[in-house]
Amino acid sequence: MNSFISTAKKAFSFNIAGEGGSRLRLVFIGLCGVLLIIVGGMLEMPDTKPKVESGLQPAKAPVVSRSYEEALEAKMANLLSQVKGAGAVSVSITLENGGVQEHAKNIVRETKVIQEKDTAGGTRVTTETRENEQILLSKEGGADRPVMVRETKPVIKGVLVIADGAYDSSVKANLTRAVEAGLGVPAYKITVLPQRK
């Protein structure tokens, strides 16, 4: 490396008269720069700086929420398993139809009345009505979601309860009453059966 520096000093110290000398110096400086880039690439230092991660994260798979029916079944199974003598309980709920969601809407109505007169003195009235309807959206967690006005839960068609303790008639009656009270379903829509042994 010292020999390279001494050669560079000699190249800049001599004085070549005229324009040709300055060109030679420029070519030499250019070659030195290219040489330094090549040597610098070979002698690369290991990266000691911590890597900074970008703010972008991979998209997570959306969490699939349980349906209304499954949530009701899990809740009722948990409650019914706490009834004295019930034991392990499984619940199946059948819904009559899906729920209804009513969203807030922005409705714009335009009415235009046009009166035309003809040369004979008669008038003609034309009415144009235009309606534009858009669902209102709100931002929740960075995503657009429709604004809910009202949601009607689906009607329960029937409930099937399978329990270990349903062999006992008093436990069976208690389970039926618990489902009636918990879901507001009449007794004729509830079936309680003992579990297979």
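## A buried glutamate and the sheet beside it

At 18% relative accessibility, E73 counts as buried, because the cut-off for burial is under 20% relative accessible area. This residue lies in helix 3. Leaving aside neighbours within four places in sequence, E73 is in contact with V91, S92 and I93. The model is predicted.

**Overall layout**

The chain has 197 residues, and 16% of them count as buried. It holds four helices and nine strands. Along the sequence the pattern reads α-α-α-β-β-β-β-β-β-β-β-α-β. Among contacts with a separation of 6 or more, 62% join residues 24 or more positions apart. The accessible surface of the chain is about 15,900 Å². Carbon and sulfur atoms account for 56% of that surface.

What is the strand order in the open sheet of three strands? The order is 1-8-9, and the pairing is mixed. Strand 1 and strand 9 stand at the edges with a single partner strand each, so one side of each has no neighbour in the sheet. From one strand to the next, the twist averages 15°.

Strand 8 and strand 9 pair in the parallel sense, over five bridges. V159 has I190, in strand 9, as its bridge partner. Helix 3 packs on this sheet and touches strand 1 and strand 8. The direction of helix 3 makes about 145° with that of strand 1.

**The nonpolar core**

The largest nonpolar core has 22 residues. Which of them have the most contacts inside it? They are V91, V159, V161, L175 and L183. Five elements each supply at least two residues of this core: helix 3 (68-80), strand 1 (89-95), strand 8 (156-163), helix 4 (169-183) and strand 9 (190-194).

Not counting residues up to four places away in sequence, L175 touches L80, V83, A86, V161, A163 and V192.

Strand 3 covers residues 105-117, and strand 4 covers residues 123-135. The two run antiparallel and are joined by 13 bridges. N106 stands opposite Q134 in strand 4. Five residues lie between the strands of this hairpin. In the hairpin, G121 takes a positive phi near 100°.

**Salt bridges**

How many salt bridges does the chain have? The count comes to five.

| K105 | E133 | 3.3 Å |

K105 is in strand 3 and E133 is in strand 4, so the pair links parts of the chain 28 residues apart. K105 is partly exposed, with a relative accessible area of 44%. E133 is also partly exposed, at 43%.

Is R109 buried or exposed? R109 counts as exposed, at 58% relative accessibility. E131 is partly exposed, with a relative accessible area of 47%.

R124 counts as exposed at 52% relative accessibility, whereas E116 is partly exposed at 33%.

Note on methods
Residues numbered from 1 in each chain as written. Predicted model: local features only at pLDDT ≥ 70, side-chain atom pairs only at ≥ 80, totals over all residues. Heavy atoms only, no water. Buried < 20%, exposed > 50% of the residue type's maximum accessible area, 1.4 Å probe, protein only. Contact = heavy atoms within 4.5 Å. Areas by Shrake-Rupley, 256 points an atom, 1.4 Å probe, with all protein chains shown as cover. Core = buried A, V, L, I, M, F, W, Y, C linked by side-chain atoms within 4.5 Å. Pairing = 2+ DSSP bridges. Axes fitted to C-alpha atoms, helices over the stretch in contact; angles between N-to-C directions. Salt bridge = Lys/Arg side-chain N within 4 Å of Asp/Glu carboxyl O.
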